[in-house]
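Please look through the structure shown here, and then read the notes below, which go from one residue to its surroundings and on to other parts of the chain.

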Amino acid sequence: MGNFSALLPLLIFMCVMVGVGIAARRHKGGDFIGNYFIGNRELGGFVLAMTTVATYSSVSSFVGGPGMAWHIGFGWIYMAVVQVTAIFLVLGIFGKRVALLARKFNAVTVVDIIRRRFDSDLVAGLSAFIIVLFFCGTMTAQFVGGAKLFSAVTGYGYETGLILFGLVVVIYTAIGGFRAVAITDAMCAVMMMVGIVLLLFYVLKAGGGYETIMASIAQNHPNMLEPFSGGNMPWGLYFTQWLLVGICTIALPQSVVRGISYKDTKGLHHAMLIGTIVIGFMNIGINFVGILARGVLPEDVAAYGGMKFIDSVIPQTIVRAMPPELVGLAIIGPLAASISTISGLLIVASSAIIKDVYLHYKEKRGESVSERKIRALSVGSTALIGGAVFLIALTPPSLIWIINMFAFGGLETAFLWVLLFGLFWEKANKTGALFSMLGGTAIYCLAQGMGFKIFGLHQITIGISASLLLFIAGNYLGRNKNAAPHIEDFFPKRRTAQRIDDKSLS
């Protein structure tokens, strides 16, 4: 029998989310596509910061990460702290650039910008395919991780949790579109912070206070105080994780698209500041809670059944340390991380199918599509993708967390150089972009499938290195035949043109 007192706060939170989706659907202004997929570019600084933070954070940030911190110690925090820079980098590097370009030729998606820059339907179509493919893998991991966490903490079944929050996130995203996603993401980010504070307080209380817990760690697990954790945190893990969850995340499409959606430069600057503070608090805070959980779960990992226990550290800590009446509030934070990630990926995947493939195909044929049909197709595709991922999660793959990180690396391999060179290098051409995206992603997937590594480093190093070399090679081969007709949009010849563009965001 489940704990209904733990379930009740979650039920209330889910009802509010659905209400936000309905309210967002009623919002009027602008065309449907702009409203549904980017919220008519009206996001303020706070909501922009929170939706970017919430989409970047996932259930693994609140479960697997602190579980590893409990096992390894402060070395895990030293490794994970690079994530503090993620929001500042993605908005700082791409935010204003993407916003200016999107307004110039009415782009709604990242693929719109890629198509315009390289003047290639093939590159754009490949981009849309990669987004949908890897997003489905990531969303499946979020569904499964959230449902398992729900079951472990509340005592209700896995399927109950999946149905409860899985269907809710699909419903409010399909109904309300990007505006609903952004607002609910902000709510989720707030609940994540509330959950961290609550859990920190009760973990310290259950463990006898900070000094007592740290004294116990120093005596029984001294390696946890060392940067390399007695060999558990080799330099290679530091390096590859700084790439995988830090530097390379600037190119994740679900984060870059936020640059299309904000209202003005003031909001962007506020979002960069707020987002950096929030992601720092959340990332360092929840991993620090993982270390302090040694005061609640003091034995070595072998005593709890081995490494498979890592994902159970936070659920078990919540159950053991917190009063039953507050367990429901604590679980909202980790589940909110799962929900916000799913909704953010879902709306971008839907836009890739409807805006980047279907509507572009109709436009090239000179065929018009009524707003009513676009509305039905957009809502339907969002629901269909979410429903498909939901069904996969009912019988979850056994290697779901590996699939999650595999998808993360695949997206970074595909988009890092294409976006960086495309937006900041005038001579970048479509042959280089195609070679980089197709070849780099294929090599990354092959290396993952074969388990091939260089110096024991994660395959992301192979992916981004191959992608870079292929971009340079392709760019050289296509240097005389790939002139982009819209290059003036991206690299104005006169500085006055840039100053005029800047006024649109002031």
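Leaving aside its neighbours within four places in sequence, Phe288 is in contact with Phe74, Ile77 and Tyr210, where contact means heavy atoms within 4.5 Å. This is a predicted model, in which local features need pLDDT of at least 70 and side-chain atom pairs count only at pLDDT 80 or more, while totals for chains, interfaces and linings use all residues. Residues are numbered from 1 along each chain as its sequence is written, and side-chain values use heavy atoms, with hydrogens and water left out.

- Phe288 lies in helix α15; helices here are DSSP runs (H or I, at least four residues), as strands are (E, at least two), and they are numbered from the N terminus.
- A search of the whole structure finds 17 aromatic pairs, a pair being two rings of Phe, Tyr or Trp (its six-membered ring) whose centres lie within 6.5 Å, with planes under 30 degrees apart counted as stacked, over 60 as edge-to-face and the rest as tilted.
- One of these pairs joins Phe74 and Phe288, whose rings are 6.3 Å apart from centre to centre with 50° between the planes, and this pair is tilted.
- The pair links distant parts of the chain, with Phe74 in helix α6 (residues 74-80) and Phe288 in helix α15 (residues 265-292), 214 residues apart.
- Is each of the two partners buried or exposed, or something in between? Phe74 counts as buried because its relative accessibility is 15%, whereas Phe288, at 22%, is partly exposed; buried means under 20% relative accessible area, exposed over 50%, and partly exposed in between (1.4 Å probe, protein chains only).

**Other rings, and charges over rings**

- The rings of Phe421 and Trp425 have their centres 5.4 Å apart and their planes at 65°, so this pair is edge-to-face.
- In this pair, Phe421 counts as buried at 18% relative accessibility, while Trp425 is partly exposed with a relative accessible area of 34%.
- Both residues belong to a cluster in which ring pairs link Trp417, Phe421, Trp425 and Phe471.
- Phe471, from that cluster, and Phe288 are 183 residues apart in sequence and 40 Å apart in space, C-alpha to C-alpha.
- The charged end of Arg117 sits over the ring of Phe490, 5.9 Å from its centre, and Arg97 lies over the face of Phe424 at 5.8 Å from the ring centre; a charge sits over a ring if NZ of Lys or CZ of Arg is within 6 Å of the ring centre and within 35 degrees of the ring normal.

**How helices pack**

- Two packed helices are described by the angle between their axes and the distance between the axes.
- Helix α11 (residues 210-220) and α15 pack at an angle of about 65°, with their axes 10 Å apart; axes are lines fitted to C-alpha atoms, for helices over the stretch in contact, and angles run from 0 to 180 degrees between N-to-C directions.
- That angle makes α11 roughly perpendicular to α15, since angles under 35 degrees count as roughly parallel, over 145 as roughly antiparallel, 65 to 115 as roughly perpendicular and the rest as oblique.
- Where these two helices meet, α11 brings Tyr210, Ile213, Met214 and Ile217, and α15 brings Phe288, Ile291 and Leu292.
- By class, the contact of α11 with α15 has seven nonpolar, no polar and no charged residues, where Ala, Val, Leu, Ile, Met, Phe, Trp, Tyr, Cys and Pro count as nonpolar, Asp, Glu, Lys and Arg as charged, and the others, Gly among them, as polar.
- In another packing, α8 and helix α17 (residues 324-364) are at an angle of about 55° with their axes 9 Å apart, and α8 is therefore oblique to α17.
- Here Val111, Asp112 and Arg115 in α8 meet Lys355, Asp356 and His360 in α17, and the residues of this contact divide into one nonpolar, one polar and four charged.

**Loops on either side of α8**

- Asn106, in the loop between α7 (86-104) and α8 (110-118), has a positive phi of about 55° although it is not a glycine, and this residue is exposed, with a relative accessible area of 52%.
- Asp119, in the loop between α8 and α9 (121-154), has a phi near 50°, again a positive value in a residue other than glycine, and Asp119 is partly exposed at 39%.

- Thr382 is found in helix α18 (residues 371-394) and counts as buried at 0% relative accessibility.
- Not counting residues up to four places away in sequence, Thr382 touches Tyr36, Val170, Thr173, Ala174, Leu346, Ile347 and Ser350.
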